Amino acid sequence: MIANLPPLNAVRAFAAAARHQSFSRAAEELHVSHSAVSRHVKLLEERLGVLLFERRTRQSLLTPEGKAFYEQVSEALAQIANAAAALTRHASQRKVTLNVRPSFAVRWLIPRLPDFMALYPDIKPEVVTNTRPPDPSRDPFDVVIRRGQSGWSTNVQPTVLLEDDLLLVAAPSLLQSVPLDSVHDLARHTLLSGKTRSSDWQDWTAHAGIKPLRNPPTLQFDHMHLVLQAAVDGLGVALCPASLLGRDLSNGRLTCPLPALRLPLPRYYYGVSRDAVGEAQVFVDWLFSQIQQSATAQPKA
């Protein structure tokens, strides 16, 4: 079938002439001469063995055979144009899909993404937030990041990404009015917590070797990024993974009143889908460069 195709340049010239019913206007559209369009159409007529146009002095009218041919040819040319446009869009918009938990996205990933986009302007990062264990058959992704190794699909191999600790933090203005010099002063404060990390206070007090606090005033939020905003606004003291603190310690929005009491947390792991695009490895390499930069630049709490 392909061997029997007429010359595509001739078909294109014919379609333009048929659409305008004018060889001159077709020549203007195609940026060629009137005679070039005429030659292409004549070549096509000889190849097909039929007249496609009835030539008149100022107009070229389609013959019945030409009209029938044009109806099919115009649809085929539109399909070729659409296929080329779709391929061009795909090639120009390289994308990597990232599956992370909401607080990690807000507090760790998104503030760093401008650096990635500046380094790799041709790669579009698409961030999808999800709290479920990573499973590419259910939630397609290229790269996934989660804390710990439990619940991972057998289709994804978890690899260590980031160490983490749990820290006590509060707004400096809050501690000026209600000092927190020892764990016993916690009884004077409202404790902030997140539903996704509901056991943090119990785990941290046990690690610190102190008795559980009895009915302290508490405020609970859905996610850790909301807990941290409440802490910044002075609503209470919070326990927060160091990975999610961002620049809040270095810029003074938060402070760590008891820095020696750090509770090691399960590590963050990343995984790459078996069907991941090639850009996934570029993103993983960038992740490690960001972690290295943070380790050398951020002051200890």
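Modeller: Quick term before we start. A salt bridge is a side-chain nitrogen of Lys or Arg within 4 Å of a carboxyl oxygen of Asp or Glu. Also, this model is predicted.

Colleague: Got it. How many salt bridges cross the interface of domain 2 and domain 3?

Modeller: The rule finds two there.

Colleague: How far apart are the closest N and O atoms of Arg107 and Asp248?

Modeller: They are 2.4 Å apart. That is within the 4 Å cut-off, so the pair counts as a salt bridge.

Colleague: And how many residue pairs are in polar contact between domain 2 and domain 3?

Modeller: Eight residue pairs, counting those with both residues at pLDDT 80 or more.

Colleague: Which elements each supply at least two residues on the domain 2 side?

Modeller: α5 (102–119), β6 (159–169) and β10 (263–272). α5 gives the most, with six residues.

Colleague: What classes of residue are on that side?

Modeller: Six are nonpolar, two are polar and five are charged.

Colleague: How many residues does each of domain 2 and domain 3 put into the contact?

Modeller: Domain 2 gives 13 and domain 3 gives 14.

Colleague: What area is buried between them?

Modeller: About 1100 Å², with 50% from carbon and sulfur atoms.

Conventions: Residues are numbered from 1 along each chain as its sequence is written. This is a predicted model: local features need pLDDT of at least 70, side-chain atom pairs count only at pLDDT 80 or more; totals for chains, interfaces and linings use all residues. Side-chain values use heavy atoms; hydrogens and water are left out. Contact means heavy atoms within 4.5 Å. Buried area is the accessible area (1.4 Å probe) that two parts lose on being put together, summed over both. A polar contact is a pair of N or O atoms within 3.5 Å; within protein, one must be able to donate a hydrogen and the other to accept it, and residues adjacent in sequence count only if both atoms are side-chain atoms. Helices (H or I, at least four residues) and strands (E, at least two) are DSSP runs, numbered from the N terminus. Ala, Val, Leu, Ile, Met, Phe, Trp, Tyr, Cys and Pro count as nonpolar, Asp, Glu, Lys and Arg as charged, and the others, Gly among them, as polar.
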